[in-house]
Amino acid sequence: MTEVRPIAAAPASLWERDEELAAVERVIDSLCAGRTSSGSVLLIRGEAGFGKTALLTQTRRLAEERGCTVWSARGGETLRSVPFNVVRQLLQPALLSLMPEEAREYLGDWYDIAGPALGIADPGERQADPQGVCDGLVAAVRRLARRDWPLVLMVDDAHWADQETLRWLAAFAERLDDLSVLVVVARRPGEATTESDRLLETVASAAGHPVTSLSALTPEATAVLTRATLGEHADAPFCREVWAVTGGNPYETVELLAKVRDSEMEPSEGSANELRELNRSARGGGLVARLEELGIDATRFAWAAAILGTDISVDLVARLATLKPDKATLCAELLRNARILTDSDAEDDELEFVHPLIATAVYDSIPDALRTAMHGIAAQLVTDSGLGAAAASRHLLQVHPDDDEELVEQLREAAREHLLVGAPDAARRCLERALLEPPTPEVHARVLFELGCATLLTAPAKTIGHLQTALALPGLEGAARVDAVVRLSQALMHNNQLEEAVRTVEAEAARHEEGPARLRLQAVQYTWEGLYPGEATSPGRSERLAALAATCTGRDNSERALLILRGFDAMARGESAEEIGEVCDRALVNGRLAPGLGWTDTEWGLELPLMLASAYAFTDRLDRAEALYTEALRTYETAGWSGGHLALAHAYVGLGHRRRGRLREAETSLRESLRLAERVGRGLPLYWSATCNLVDTLLARGHVEEAWAIAEQYGFAPPYPSTIVLPDPRSVRGRLLLAVGRTKEGINELDAAEKAAAVRGHHNPVLVPWAADLARALAVEDPVRAAQLATDLRRHAERLGTDTAIGEALRCAAALETGQRAVRLAAQAVAYLEASPCQYEHAAARVEYGIAARSVAELNRGLALARSCGADGLVAQAREVLETGRGLR
């Protein structure tokens, strides 16, 4: 602040804001410099009344003068529970100006995902993925921004914005490098919730400019403003008292001076002692007293407007305040004249409070019982308007509990609507409020079950309590009870309570007679034991699973689930690949996943189709595996599931590319998986899947230093997760340590992999590839053990019976031999791997055979294969031998 005077023609609330306005002009000029300019965020922070809104208003004027399109929105203290409220304000005008087909064209594939959250499309029948909706909103704004450049987005009172909007805003602010958009955000310090404050800090960290923190007016500026308003005859003691009374708060200063002018008070030292009382009438109890002076009708009108908070039309306020139209119009005029309400848009007759401080004071002044009753009436008005239960829910949340069955049903319906648009937190609030009513005994358990489903992904510990309580109450029987037990087991798994999850479904299965319900519970139990083997695995599990699956023909999803589990278990144990394929094929319907067992079906979850695809992937049925992995990716992208599900899909598509030998494509998919996994959180199984496969792929490419850097950056080291990660992370970590020259550590890691595999009974040498690397590492130090490892590896490979497994075992054996025996074994490895779908392994075998046989022709064939795979290390190895030509024929 360098000058006392305001910018010419600027409102009084912009006094001493020269530096801030100059900053605004700079970012607008930068935005308008060209479409290639980077986007930026300008964060304005200031206490209530410090002129944030005035600065935004001036920003709009300056931007529009330069030909910018400006979209604006504002948070509301009583509207924080309304999901997507602020982002809807921001985007709806632009979207509603389009014809429906135009909106579809602009939003493309995101229309059905983001459209319901924006209120421009009906929701689907399936619960929306919150991360997918957030990404859809980011994509929507990015597409619209390119159409409406130069674009300025303004969010006022962001500390009161709903969390769904803030989640979008944080994600959008981080993706402005290639988008020419200016985002201006104004907030008060210290008034956001913990989660909202975290998201706002993310926005602040994305700002390319220092945070603009507004300060109070100086005594000198207050004096100049006082004389500009009241006249040059205002004396110095009076001006100093104006500053002392208001603390230099610009809004309070302007309001106080307006009241001085209206009261015709003499601006002199003699009347300065009256300023404090006059200032009190502008806020808090003084404002309430002033409001009451306008009469009971005007007071009721103001109360009704404060209850509504948004879309404050004279007609709607009149209905809530039970006033006739002519009386309501008169009240609105009185409140305008009293500087309590102001026109927001004369064309549609909407009103708003002059300042949020006034709105808060009016809302707080409503007697508690009356405020509750008015919220109830407002909820009915919203419902009668056809806006749905979700729109009414913010009012329903404020109604006192009163054993109202209808209210419980309204809140349950609102929760369902919130889930369909991707707002699980809003659904949770509705269901928690429904429990306070409370529900009747007949529906109490179902409400708890629904609450548990709503909190499953965000608060598994709370979900456990809700579902355990629900199962202890009457009301959940038959299929609903089985659903609740399955969800409870999922929550226990998410909360790292493995053994309890297994025992929960096991105990419930024992309560049922033979039939579909029991079969489903058994399948879930075997699923958890299969994915999280170890101490929770019951003795003889594999044998029992095999016996149970032998009776299954795949006539329903419970039987198909058991067949998948049997196929995956047999694959991990290294049983006959041919038999594994037959079992897995019986789980399909006409070669496809059965309805109800798909990637987005919630009854069984994504674990089963992943296990099925992986059983194919590690038994050389890569055609089936890749088709399933690709289907998963396409399904999640179409459905807008862009959180953990999409991260896993990319990881497994990358695994499919890696198995096939398309190493460049594998690296691309796995890096995208890791990017998505970072948003979900480190330490989860999906995070390990992405990291492990990326390290494995980089090693195959010969990019050892990069593989080590990835491992260091993303914590690819012990302790390992209890879940199965494909391929085995200990084996991959051991291979990495050997590659970087940390041989002793690598051998120790591979020894640990051997022990862990033995405990789990996992003997598929392609899934758990520790043996070949350990044998090579011990070839000189302990040749006897190395030879035994190679023999055991060959035995396990032949038991599995795939070309890849046998070929890899022969490669290992050849590496331990010399002379013609090494050549013969290498030739046999080539023969098997040539028939294998795994081209990287084939390329490695060709190069090794070419070196052993001293054959230029074989080396050239290996070199060509290595190039096609993207195996740069193999390419370099083959070229070095060919260029030196030592001993080649």
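View 1. Two strands are said to pair if DSSP finds at least two bridges between them, and the strands (E, at least two residues) and helices (H or I, at least four residues) are themselves DSSP runs, numbered from the N terminus. In this predicted model, local features need pLDDT of at least 70 and side-chain atom pairs count only at pLDDT 80 or more, whereas totals for chains, interfaces and linings use all residues. Residues are numbered from 1 along each chain as its sequence is written, and side-chain values use heavy atoms, with hydrogens and water left out. Strand β1 (residues 40-45) runs parallel to strand β4 (residues 181-187), and six bridges join them; V41 stands opposite V183 in β4. Five strands make up the open sheet, with parallel pairing, in the order β2-β3-β4-β1-β5. Because β2 (69-74) and β5 (212-213) stand at the edges with a single partner strand each, one side of each is left without a neighbour in the sheet. Strands of a sheet pair through backbone hydrogen bonds, either parallel or antiparallel.

**View 2. Where domain 1 meets domain 2.** The domain assignment, whose bounds come from an automatic or database source, gives domain 1 (15-211), domain 2 (217-282) and domain 3 (285-365). Six residues from domain 1 and nine residues from domain 2 take part in the contact between these two, where contact means heavy atoms within 4.5 Å. Domain 1 and domain 2 bury about 640 Å² between them, 65% of it on carbon and sulfur atoms; buried area is the accessible area (1.4 Å probe) that two parts lose on being put together, summed over both. On the side of domain 1, W15, E16 and G49 lose the most area to domain 2, together 78% of what that side buries. The C-alpha centres of domain 1 and domain 2 lie 37 Å apart.

View 3. R503 forms a salt bridge with E506, and their closest N and O atoms are 3.2 Å apart; the term stands for a side-chain nitrogen of Lys or Arg within 4 Å of a carboxyl oxygen of Asp or Glu. R503 and E506 are three residues apart in helix α25 (residues 498-510), so they are separated by about one helical turn. By this rule the count comes to 65 salt bridges, while the count between domain 1 and domain 2 is zero.

View 4. A cis peptide bond, with omega about -10°, joins E437 and P438, and P438 lies in the loop between α21 (424-436) and α22 (441-455). L726 and P727 are also joined by a cis peptide bond, with omega about -10°, and P727 has its place in the loop between α35 (704-713) and α36 (729-739). In the loop between β3 (151-156) and α7 (163-173) lies D157, a residue other than glycine whose phi has a positive value, near 50°.
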